[in-house]
Amino acid sequence: MIWLVLWLHVLALAVWLGTVAGFSFVVAPAVFGALPVQQAGELVGHIFPAYYALGYGAGAVLFGSAALLRRWTRPAGGAWLASALIAGAALAVSLYAGLFVQPRASALRPQLHEAGAPAAVREEFDALHASAVRLNGAVFLAQIALAGIIAAQLRGAAVVPRRLSRLGGSDLQW
């Protein structure tokens with residue numbers, strides 16, 4: 001059973017990390033590079049609900065699986081505890097961005113391009129956008145940390161020591 005939970009943990013991280021990286025570094029820049037800003041904003045606004053829903057699901061699986069792995073590996077499960085805490089924090093950040101920041105920005109978006117829109121609308125939208133970018137970056141960094149924890153946890157199980165002797169007979173392990 002532990003292998004299934006570990007597999008789900010790795011899969012959830014791969015899906016969530018791939019979603020964030022793919023959207024942030026490929027999809028959004030391509031959309032804003034190919035379309036006028038107003039159309040690009042509308043298209044990205046249609047993507048956000050699925051983007052955040054996928055993150056909520058993957059984050060919940062990641063948090064739950066890390067908590068189970070921590071429980072099953074006590075007392076030596078400190079890395080899984082760290083994983084659960086980081087995944088929980090990243091999920092909370094994602095929930096805040098998706099349930100509070102994004103809907104407000106989405107509500108302001110149509111007003112941005114109206115003639116005579118007050119400057120306060122642009123200022124609030126820009127502040128919300130900057131907040132969303134920072135929150136997304138925090139989730140991404142948390143995911144990178146989680147990938148490092150997983151790699152450290154799996155290192156002992158997956159790496160067979162190899163000896164290199166081409167440098168004058170010295171034995172190096174890696």
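This is a predicted model: local features need pLDDT of at least 70, side-chain atom pairs count only at pLDDT 80 or more; totals for chains, interfaces and linings use all residues.
How many cavities of 30 Å³ or more does a search of the whole structure find? One. The tour ends there; begin with the chain.

Residues are numbered from 1 along each chain as its sequence is written, and side-chain values use heavy atoms, with hydrogens and water left out.

**Stop 1: the whole chain**

Colour by secondary structure. The protein chain has four helices and two strands, in the order α-α-α-α-β-β along the sequence. Helices (H or I, at least four residues) and strands (E, at least two) are DSSP runs, numbered from the N terminus. Of the 174 residues, 32% are buried. Buried means under 20% relative accessible area, exposed over 50%, partly exposed in between (1.4 Å probe, protein chains only). Contact means heavy atoms within 4.5 Å. Among contacts between residues at least 6 apart in sequence, 67% join residues at least 24 apart.

**Stop 2: the nonpolar core**

Select Leu13, Trp16, Phe23, Phe48, Tyr51, Tyr52 and Leu62. These touch the most other members of the largest nonpolar core, which has 33 residues. A nonpolar core is a set of buried Ala, Val, Leu, Ile, Met, Phe, Trp, Tyr and Cys residues joined through side-chain atoms within 4.5 Å. H1, H2, H3 and H4 each give this core two or more residues. H4 supplies the largest share, nine residues.

Now pick Gln143, in helix H4. Glutamine 143 counts as buried because its relative accessibility is 0%. Leaving out residues up to four places away in sequence, Gln143 touches Leu13, Trp16, Leu17 and Val20.

**Stop 3: the aromatic cluster**

Show the rings of Phe23, Phe48, Tyr51, Tyr52 and Tyr56. Ring pairs link these residues into a cluster. Rings of Phe, Tyr and Trp (its six-membered ring) pair if their centres lie within 6.5 Å; planes under 30 degrees apart count as stacked, over 60 as edge-to-face and the rest as tilted. The structure holds eight aromatic pairs. Tyr51 and Tyr52 form an edge-to-face pair, 5.1 Å centre to centre with 80° between the planes.

Which arrangement do the rings of tyrosine 52 and tyrosine 56 have? Their centres are 6.3 Å apart and their planes at 25°, so the pair is stacked. Tyr52 and Tyr56 are four residues apart in helix H2, so about one helical turn separates them.

Step to Phe23. Beyond residues up to four places away in sequence, Phe23 touches Ala28, Pro29, Val44, Ile47, Phe48 and Tyr51.

**Stop 4: the largest pocket**

Centre on Phe32, Val44, Phe48, His129 and Val133. Of the 31 residues lining the largest pocket, these lie nearest its centre. The pocket holds about 610 Å³ of space. H4 gives the largest share of the lining, ten residues. By class, the lining has 19 nonpolar, nine polar and three charged residues.

**Stop 5: the largest cavity**

Select the lining residues, among them Trp16, Tyr51, Tyr52, Gly55, Ser94 and Asn136. The largest cavity has a volume of about 80 Å³. H1, H2, H3 and H4 each give two or more residues to its lining. The lining divides into eight nonpolar, four polar and no charged residues.

- On a 1 Å grid over the protein atoms alone, a cavity is a set of points where a 1.4 Å probe fits but cannot get out; a pocket is an open set with protein on both sides within 12 Å along at least five of seven lines; lining residues have an atom within 4 Å of a point.
- Grid points are joined across faces, edges and corners, and a volume is the space filled by probe spheres set on the points.
- Ala, Val, Leu, Ile, Met, Phe, Trp, Tyr, Cys and Pro count as nonpolar, Asp, Glu, Lys and Arg as charged, and the others, Gly among them, as polar.
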